[in-house]
Amino acid sequence: MFDPDIAPSGSLLGLLQRGRGDGTLHALAAQRADALAALESCVLRDPRHDWRVESRSLYYARLYSELEGPLDGIEQHLFHPDDLLITDEHRCGLALSVLGHLAGYGRRDALHLLRRYAEVGGSWEWALDELAVRDDDESLCSLGPAVLARFPVTPEGDGQLAEAVREAYEPRPWRLWSEHPDPAVAERVRKATEQTSFDRWQRQLRPAGPTPGWSVRAVLDWAQQGLDQHPAQHRDAPAARCLAAVAGPEDRAELLEAALRGPAAARAAALRHLADRQDPGVLDLIEAAADSPDELVARAALESFERMRSIAALTRARAWSPREDALGSAAARMLACRGGTQDSERVLGALRRLVQRDGADADGLAALVEGTGRLSIQCAAPVLRHVYRETSSSQLRGIAAQALASTDPSFPSGFAVECLWDCEETTRGLAAHHVATADVRVLAQLRRLAADPAEEAEVQTAVRGRLAG
């Protein structure tokens with residue numbers, strides 16, 4: 001099942017939402033008004049499941065440039081009253097990133113929109129970061145008074161200003177403002193910068209959490225205390241790392257008992273520690289914990305198992321992989337990542353079951369898709385093509401493309417062609433390495449990518465290697 005906000009994969013909107021190369025090719029062949037409407041819909045309503053690992057901004061900016069699209073819709077979206085009411089910066093983040101790329105391509109209207117938004121917009125920090133790498137010193141300097149006016153000259157306002165300086169992704173504007181012609185602006189920024197350095201120094205003097213002198217029991221209690229707080233703090237993973245420093249062979253019995261019967265956070269921490277140490281008794285504990293009704297314990301058991309590297313863990317994974325529960329899925333993922341050719345049928349079977357049951361956006365699908373490519377399972381190509389076409393995750397599509405490059409002989413003349421226009425740089429780089437150059441569109445796109453100053457260096461290296469060859 002697809003997210004209701006994602007259009008069918010065969011439609012123009014669905015292709016653009018997914019960031020597929022065919023989206024650009026179809027948009028350029030469609031009626032300009034239809035293409036611009038679909039493009040604007042994507043930019044104003046970010047279609048990504050996870051903006052941290054999926055790229056879209058350069059993809060959409062390139063299409064805006066190709067279509068010579070106006071920016072009226074983006075302007076209305078940025079300066080809508082909702083901008084000051086909805087504090088989630090991702091309401092406008094994609095639009096601001098697209099404007100940043102368009103400014104890099106020389107669109108003055110995009111640059112002016114970013115400047116205006118940095119002065120009055122709700123997500124002004126994002127706009128300022130875009131300007132920091134593209135605007136000139138004089139224009140950036142002129143923004144200083146408007147940005148500082150957001151922070152009242154009070155102790156609370158000064159604290160908020162220091163936090164803004166500390167959290168800035170691009171420090172260039174703040175450095176310019178610390179030397180601003182207006183002494184009041186320069187002095188406030190310098191004081192905020194000094195306060196940021198002082199706060200960092202204070203945090204270093206006040207370390208929190210366990211120290212090497214703590215006992216195993218103290219570390220387990222610390223993990224449980226975090227879970228009992230409101231709001232809860234999940235400390236099982238850091239507690240496991242602390243146990244590596246304080247636990248010795250004499251503590252094994254206590255850790256085994258905690259992993260079997262301890263309270264949730266202590267049990268999870270002990271499981272993680274024992275799995276990291278490849279303890280011979282941990283696999284039985286993991287099997288018991290994977291069925292726990294406590295989500296924290298079950299998750300720790302599965303994550304701990306998937307990190308194990310021992311032969312015993314692989315043997316157990318082969319026994320567990322036919323199971324149709326969470327432990328069986330984790331076992332299949334382990335075989336996909338670390339199994340051998342004798343595990344091909346198990347990995348392929350798990351991949352087919354998961355896609356059939358949960359669709360092309362199922363949790364845990366990426367590891368199985370990657371595993372089919374690693375193991376070169378040739379008969380996996382049909383299901384990989386399905387995942388490539390239907391998934392709404394551009395990251396997963398790139399993994400599917402990589403697997404197809406290893407399993408599908410038709411990839412160079414098929415999907416690799418559209419991958420040259422894909423939104424993900426790794427997918428474009430993969431296509432540059434594999435694509436057949438008989439198609440006239442391929443050579444033209446390779447030349448465009450080689451000349452595009454916004455393209456990533458690794459992609460351009462691969463592209464120029466193909467052009468030189």
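Colleague: Where is S123 found, and is S123 buried or exposed?
Modeller: This is a predicted model, and in it S123 is found in the loop between α8 (108-120) and α9 (124-132). Leaving aside residues up to four places away in sequence, S123 touches E89, L96 and Y117. Buried means under 20% relative accessible area, and because the relative accessibility of S123 is 6%, the residue counts as buried.

Colleague: How is α24 directed relative to α25, roughly parallel or roughly antiparallel?
Modeller: Helix α24 (residues 381-390) packs with helix α25 (residues 394-407) at an angle of about 155°, their axes being 9 Å apart. Angles over 145 degrees count as roughly antiparallel, and therefore α24 and α25 are roughly antiparallel.

Colleague: Which residues of α25 meet α24, and how many nonpolar residues does the contact have?
Modeller: From α24, the residues A381, L384, R385, V387 and Y388 take part, and they meet L396, R397, A400, A401, A403, L404 and T407 in α25. By class, this contact of α24 with α25 has 1 polar and 2 charged residues, and its nonpolar residues number 9.

Colleague: Is the peptide bond from H230 to P231 cis or trans?
Modeller: Most peptide bonds are trans. P231 has its place in the loop between α14 (216-228) and α15 (236-246), and the bond from H230 to P231 has an omega near 0°, in other words it is cis.

Colleague: What is the relative accessible area of E68, and what is that of S376?
Modeller: Most residues other than glycine have a negative phi, yet E68, in the loop between α4 (57-67) and α5 (72-78), has a positive phi of about 50°. S376, in the loop between α23 (365-374) and α24, also has a positive phi, near 50°. E68 is exposed, with a relative accessible area of 64%, whereas S376 is partly exposed, at 36%.

Key
Residues numbered from 1 in each chain as written. Predicted model: local features only at pLDDT ≥ 70, side-chain atom pairs only at ≥ 80, totals over all residues. Heavy atoms only, no water. Axes fitted to C-alpha atoms, helices over the stretch in contact; angles between N-to-C directions. Helix = DSSP H or I, 4+ residues; strand = E, 2+ residues; numbered from the N terminus. Parallel < 35°, antiparallel > 145°, perpendicular 65-115°, else oblique. Contact = heavy atoms within 4.5 Å. Nonpolar A, V, L, I, M, F, W, Y, C, P; charged D, E, K, R; others polar. Buried < 20%, exposed > 50% of the residue type's maximum accessible area, 1.4 Å probe, protein only.
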